[in-house]
Amino acid sequence: MIRAATPQDAGWIAAIWNEMIADTPFTFTTEPKTEGAILETIATRPVFVLTDQTGFATYGPFRSGPGYAATVEHSILLDTSAQGRGQGRALMQTLMEHARSQGHHVMVAGISSANPNAVAFHAALGFETVAQMPEVGRKNDQWLDLILMQKLLG
């Protein structure tokens, strides 16, 4: 059901990511992800995928500097067909266990205020809202808040 991503996954990962970029205010990103950029992510960061090609999750540095080395920020994206079936939760459990095993202490989620389902999803996983930054993102002529949530991995 869940495995580490391989280079062969780059195309469908880009397709899922680009659909969200193009069709939603859930990310402030407006530039499509290229297959090459996804290949670089797979080569340099942990990326886990659903074997039915309906979702993936990854994490990377939260901020630069050695003082932040134990803190990571993640991304999780699911095709709408995979939502509400527990697959996102399973991906996140795998991701958090991996981060913990690598010595990371905190996982951060940066969530668009236009995505209350993501806030609820993360809260159900034990993430706590630690900040809401009003109108720091802009997409489709709309100002959006950034909600920061975190979980101590312990």
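# Sheet, pocket and one serine

Reader: How do E4 and E5 run where they are joined, and by how many bridges?
Author: This is a predicted model. In it, E4 and E5 run parallel, and three bridges join them.

Reader: Which residue is the bridge partner of Glu 73?
Author: Val 108, in E5.

Reader: What order do the strands of the open sheet take?
Author: There are seven strands, ordered E1-E2-E3-E4-E5-E7-E6. The pairing is mixed.

Reader: And which are the edge strands?
Author: Strand E1 (2-4) and strand E6 (128-139). Each pairs on one side only. On average, neighbouring strands of this sheet are turned by 25° against each other, direction ignored.

Reader: New topic. What volume does the largest pocket have?
Author: About 1300 Å³. Its lining has 45 residues. Nearest its centre lie Met 20, Phe 26, Ile 76, Leu 77 and Asn 115.

Reader: Which element gives the largest share of that lining?
Author: E4, with six residues. Other elements supply at least two residues each, including helix H1 (10-23), helix H3 (87-101) and strand E5 (106-112).

Reader: How many of the lining residues are nonpolar, polar or charged?
Author: The lining has 18 nonpolar, 19 polar and eight charged residues.

Reader: Now Ser 112. Where is its place?
Author: In strand E5.

Reader: Buried or exposed?
Author: Ser 112 is buried. Its relative accessible area is 2%, and buried means under 20%.

Reader: What is Ser 112 in contact with, leaving aside neighbours within four places in sequence?
Author: Pro 25, Phe 26, Phe 28, Leu 144 and Asp 145. Phe 26 also came up at the pocket, among the residues nearest its centre.

Technical notes
Residues are numbered from 1 along each chain as its sequence is written. This is a predicted model: local features need pLDDT of at least 70, side-chain atom pairs count only at pLDDT 80 or more; totals for chains, interfaces and linings use all residues. Side-chain values use heavy atoms; hydrogens and water are left out. On a 1 Å grid over the protein atoms alone, a cavity is a set of points where a 1.4 Å probe fits but cannot get out, and a pocket is an open set with protein on both sides within 12 Å along at least five of seven lines; lining residues have an atom within 4 Å of a point. Grid points are joined across faces, edges and corners, and a volume is the space filled by probe spheres set on the points. Helices (H or I, at least four residues) and strands (E, at least two) are DSSP runs, numbered from the N terminus. Ala, Val, Leu, Ile, Met, Phe, Trp, Tyr, Cys and Pro count as nonpolar, Asp, Glu, Lys and Arg as charged, and the others, Gly among them, as polar. Buried means under 20% relative accessible area, exposed over 50%, partly exposed in between (1.4 Å probe, protein chains only). Contact means heavy atoms within 4.5 Å. Two strands pair if DSSP finds at least two bridges between them. Axes are lines fitted to C-alpha atoms, for helices over the stretch in contact, and angles run from 0 to 180 degrees between N-to-C directions.
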